[in-house]
Amino acid sequence: MTASGLLFNIQKFSLHDGPGIRTVVFFKGCPLACKWCSNPESQRAKPCLFHDGGKSVPDSREYSLQETLDICLQDRPFYEESGGGVTLSGGEVLTQRRFAVDLLRALRRENIHCAIETSGCAPREVFDEVSGEADLLLFDIKHFDEGRHIEGTGAGMAPIIANLKSALSRGRETLPRLPVIPGYNDSPEDARGFAALLVSLGLKQAQLLPFHHFGEKKYDMLNIPYPMRGLPRLHPEDLEEFRGIIAGQGIDCFF
Ligand code: SF4
């Protein structure tokens, strides 16, 4: 059993990361570098410092498996009441394979519903092992075009799509989630590109995640430039045409 995992947050009472009321466990480390990332501290796989008003505080710490499990189990009555559970997020949960697998197994032994939120960017055997332990995959798709994917995230999409196909072929319950970023993937043409990809994969649902600025202060506290500064945030009403194009292909597309 894994001794510990490097986490940068455990957030209770989340309503946006899977069904019902959930506890979200945020893993540190990510192979991508999305320009719009709202958790920039998540990208480095080792502890960093936040600088705020002359104070420096660690952005993360090691949690033992038992400690993490105990925190998650504190809210069992809320999960049972709401049909919720625990979501492993990040960063990228796949970067800490053993801790992720051990935590998912421990939670499922307690009959807790488990989701993972993932970019799918990992070697196939890692993806298959971790995703095989979750009840639900929240699978982010950043773009449908290889060149634009590299431009926005620093990585190609071939292994990501291959892993998504693997999950679907194994019958894993999967909800694709599309972060919609102004000037990057928010045009009607982009919506048609996403729709074509979703249809080609046989997917019937997609959740849109409109761009927001929630991570901006963290960039300042890490002393790194925020690439999206000054870009407008998006609201569901801004994306009705975008949503309608995807829905027009028979995909249940929602926010
Ligand atoms: S995949 Fe998620 S955590 Fe990783 S860089 Fe992109 S937005 Fe940030």
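How many bridges join strand β7 to β8, and do the two run parallel or antiparallel? The legends below take up this pair and several other views.

This is a predicted model, in which local features need pLDDT of at least 70 and side-chain atom pairs count only at pLDDT 80 or more, while totals for chains, interfaces and linings use all residues. Residues are numbered from 1 along each chain as its sequence is written.

**View 1. Strands β7 and β8 side by side.** Here is the reply to the opening question: four bridges join β7 (residues 113-118) to β8, and the strands run parallel. Strands are DSSP runs of E with at least two residues, helices are runs of H or I with at least four, and both are numbered from the N terminus; two strands pair if DSSP finds at least two bridges between them. Look for T118, which stands opposite F139 in β8. Strand β8 (residues 136-140) is mostly covered, with four of its five residues buried. A residue is buried if 20 or more other C-beta atoms lie within 10 Å of its own, exposed if 12 or fewer, and partly exposed in between, with C-beta atoms placed from the backbone.

**View 2. The whole protein chain, for orientation.** Nine helices and 11 strands make up the secondary structure elements of the protein chain. Its C-alpha trace spans about 45 × 45 × 35 Å along the principal axes. Of its 255 residues, 39% count as buried. Among contacts with a separation of 6 or more, 73% come from residues 24 or more positions apart; a contact here means C-beta atoms, placed from the backbone, within 7 Å.

**View 3. L88 in the largest nonpolar core.** This core has 56 residues, and L88, A100, I116 and F194 are those with the most contacts inside it. A nonpolar core is a set of buried Ala, Val, Leu, Ile, Met, Phe, Trp, Tyr and Cys residues joined through C-beta atoms within 7 Å. Leaving aside residues up to four places away in sequence, L88 touches V25, F27, V93, A100, L103, L104 and I116.

**View 4. The shell around the ligand.** Around the ligand you will find C30, L32, A33, C34, C37, N39, S42, Q43, G90, G91, E92 and S119, each with its C-beta atom, placed from the backbone, within 6 Å of the ligand. By class, the shell has five nonpolar, six polar and one charged residues. Ala, Val, Leu, Ile, Met, Phe, Trp, Tyr, Cys and Pro count as nonpolar, Asp, Glu, Lys and Arg as charged, and the others, Gly among them, as polar. G91 sits in the loop between β6 (85-90) and α3 (97-109).

**View 5. A191 in helix α7.** The helix covers residues 188-200. A191 is buried because 25 other C-beta atoms lie within 10 Å. Not counting residues up to four places away in sequence, A191 touches F242, I245 and I246.

View 6. Most residues other than glycine have a negative phi. F13 is exposed, with 12 other C-beta atoms within 10 Å. With 9 other C-beta atoms within 10 Å, N223 is exposed.

Notes: Contact = placed C-beta atoms within 7 Å.
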